[in-house]
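Here are some exercises to work through with the model open beside you. Try each task before reading its solution.

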Amino acid sequence: RISSSRAPPTISSLHSMLSFRIVCRVRQFSASATRRTLCELGIDTLVGTGIASRSANFYAAEMTTILQRTSTPFQGTFTTAFGNKAAEFIYVRKHDSYAELEEAHGRLIKEQNALPVQVERNQEVVILNPFPWCDVKPLNGQTGIFEYRSYTLKPGTLAQWAHCFQQGFEDRKQYSEPLGIWFSEVGQLNAVHHIWHYESLQHRIEVRNQALLNEVWRETVRGTAPFLQTMWSRILRPTKPLDIL
């Protein structure tokens, strides 16, 4: 007979052990993600009164030219077609380190300030980490539209959302591929961003309806819903540089 003086665990101690394991899982998730390539998401909202579509398109073309010339690797540039009240220019690019990101962003600001025609704009730059189970793909001449979806999650639920979403991700990819899926490191925190490609608005509706017929993906959508606080969707169009306008 072996005796032990160790007292049986109490409800309080079991709760502490469980909380510790959850915290460790979240830290492990965050650490594995932050070792990957960083992404920079920039949103320029043109705010001047009477901004004409021609002026907005010209600004987008100028910025696309600058980014393609100064960014390696280059991911994509877009304008917002639907989902926002003002004209927007959006870009995504990858960096291998924070030092590279800071240096590249400094060059971009100098190039912007040197543009011959200045437009009044509000600028937001968000630093993102890609989820380890989704590769970030460059924009390779795809036409059509892109849907940019951003979700704000309840604080402390990022790892749970990611685990649940990952369960159905391979099934969802059968219908359309994302350019990338990220979570925010700097900017609006507890946020997830993803960009999906479609041939048209009609194609988007057909793909999303078809994906919901997949039981695995349907359960994924249902399982991730409790973690969401807000959801936002924009329809984007890829931009072209000045030399091919």
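**Exercise 1.** Sort the lining of the largest cavity by residue class.

*Solution.* Step one is the class count: the lining of the largest cavity has 5 nonpolar, 2 polar and 1 charged residues. Here Ala, Val, Leu, Ile, Met, Phe, Trp, Tyr, Cys and Pro count as nonpolar, Asp, Glu, Lys and Arg as charged, and the others, Gly among them, as polar. A cavity is a set of points on a 1 Å grid over the protein atoms alone where a 1.4 Å probe fits but cannot get out, and lining residues have an atom within 4 Å of a point.

Step two is to name them: Gln75, Gly76, Phe78, Val92, Val136, Lys137, Leu179 and Trp182. Step three assigns them to elements. Strand S2 (74–82) and strand S6 (178–186) each supply at least two lining residues, and S2 gives the most, with 3 residues. Helices (H or I, at least four residues) and strands (E, at least two) are DSSP runs, numbered from the N terminus.

Step four is the volume. The largest cavity holds about 50 Å³ of space, and a search of the whole structure finds 1 cavity of 30 Å³ or more. Grid points are joined across faces, edges and corners, and the volume is the space filled by probe spheres set on the points.

A word on the source: this is a predicted model, in which local features need pLDDT of at least 70 and side-chain atom pairs count only at pLDDT 80 or more, while totals for chains, interfaces and linings use all residues. Residues are numbered from 1 along each chain as its sequence is written, and side-chain values use heavy atoms, with hydrogens and water left out.

**Exercise 2.** Work out how strand S3 (residues 88–95) is placed: is it enclosed or open?

*Solution.* In S3, 8 of the 8 residues are buried, so the strand is largely enclosed by the rest of the structure. Finally, find the partner. Strand S1 (residues 38–46) and S3 pair in the antiparallel sense over 8 bridges, where pairing asks for at least two DSSP bridges. Within this pair, Cys39 stands opposite Lys94.

**Exercise 3.** Find which members of the largest nonpolar core touch the most others.

*Solution.* Such a core is a set of buried Ala, Val, Leu, Ile, Met, Phe, Trp, Tyr and Cys residues joined through side-chain atoms within 4.5 Å. Of its 22 residues, Phe131, Trp133, Trp161, Phe165, Ile181 and Val192 touch the most other members. Now trace the elements: strand S5 (145–153), helix H4 (158–172), S6, strand S7 (191–198), helix H5 (201–211) and strand S8 (228–238) each supply at least two residues of this core. H4 provides the largest share, 5 residues.

**Exercise 4.** Examine two loop residues, Leu139 and Asn190.

*Solution.* Leu139 sits in the loop between strand S4 (121–130) and S5. Leu139 counts as buried because its relative accessibility is 17%. Turn now to Asn190, in the loop between S6 and S7. Asn190 has a positive phi of about 55° although it is not a glycine, and at 31% relative accessibility it counts as partly exposed.

How values were computed. Buried means under 20% relative accessible area, exposed over 50%, partly exposed in between (1.4 Å probe, protein chains only). On a 1 Å grid over the protein atoms alone, a cavity is a set of points where a 1.4 Å probe fits but cannot get out, and a pocket is an open set with protein on both sides within 12 Å along at least five of seven lines; lining residues have an atom within 4 Å of a point.
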